[in-house]
Amino acid sequence: MSLGPAGASLNPDQAENFEDMEKQFAVKAVQHMTTYWAILEKMKGSQLRLTKMDDEIYEHFKKAFPEFDPKETIDEDQMKSKEGKERWRYFMMAYEKKIDDYNFGTMLRANPRFEYGEKETIFAMRMQFYAIEIARNRQGLNDWIYEQAHT
């Protein structure tokens with residue numbers, strides 16, 4: 001889809017149906033979310049690799065966000081503040097040519113102790129999801145999902 005050069009005015013007669021695009025995005029985000037949950041029910045997160053670059057992503061994430069505690073609830077306001085966006089943008093750009101759909105929107109649980117739900121889920125970019133979920137998996141914070149599914 002091309003909307004023309006940045007700053008150009010959008011001609012509604014030539015624009016694609018944005019409502020359909022939003023629905024398609026929502027379907028993809030929900031598919032990603034349910035697929036990830038299904039995987040966590042079948043395999044302990046501590047044994048899971050999300051990408052071929054998990055080790056690199058994890059080390060980079062720890063250096064870029066040393067204050068991040070995977071056990072705690074994500075402060076969405078901080079994450080999406082001007083400073084937070086800049087830090088994440090800088091982090092994510094390292095993967096622009098390395099990770100497919102690195103900047104595609106997805107759903108992320110705000111806290112690893114809870115299932116996906118309306119109040120427990122935030123919108124994030126794919127690289128944010130990877131970085132945070134890799135950190136949670138490395139610390140065994142998602143293993144309860146597998147254990148719950150097998151009791």
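Entry 1. I looked up the lining of the largest pocket and found 14 residues, with Glu-67, Phe-68, Asp-75, Gln-78 and Met-79 lying nearest its centre. The model I am working from is a predicted one.

Entry 2. I checked which elements give two or more residues to this lining, and they are helix 3 (76–79) and helix 4 (82–93). Helix 4 gives the largest share, three residues.

Entry 3. I noted the volume of the largest pocket as about 250 Å³. I then sorted its lining by class and got six nonpolar, five charged and three polar residues.

Entry 4. I moved on to the second largest pocket, where the volume comes to about 180 Å³. I listed 13 lining residues there, and the closest to the centre are Lys-85, Trp-88, Met-92, Met-125 and Gln-128.

Entry 5. Which elements give two or more residues to the lining of the second largest pocket? I found helix 4 and strand 2 (121–125). Helix 4 supplies the largest share of this lining, with five residues.

Entry 6. I sorted the lining of the second largest pocket by class as well: eight residues are nonpolar, three are charged and two are polar.

Entry 7. I went back over the entries for helix 4. Helix 4 gives three residues to the lining of the largest pocket and five to the lining of the second largest pocket.

Methods:
Residues numbered from 1 in each chain as written. Predicted model: local features only at pLDDT ≥ 70, side-chain atom pairs only at ≥ 80, totals over all residues. Heavy atoms only, no water. 1 Å grid on protein atoms, 1.4 Å probe; cavity = no way out; pocket = protein on both sides within 12 Å on 5 of 7 lines; lining within 4 Å. Points joined across faces, edges and corners; volume = space filled by probe spheres on them. Helix = DSSP H or I, 4+ residues; strand = E, 2+ residues; numbered from the N terminus. Nonpolar A, V, L, I, M, F, W, Y, C, P; charged D, E, K, R; others polar.
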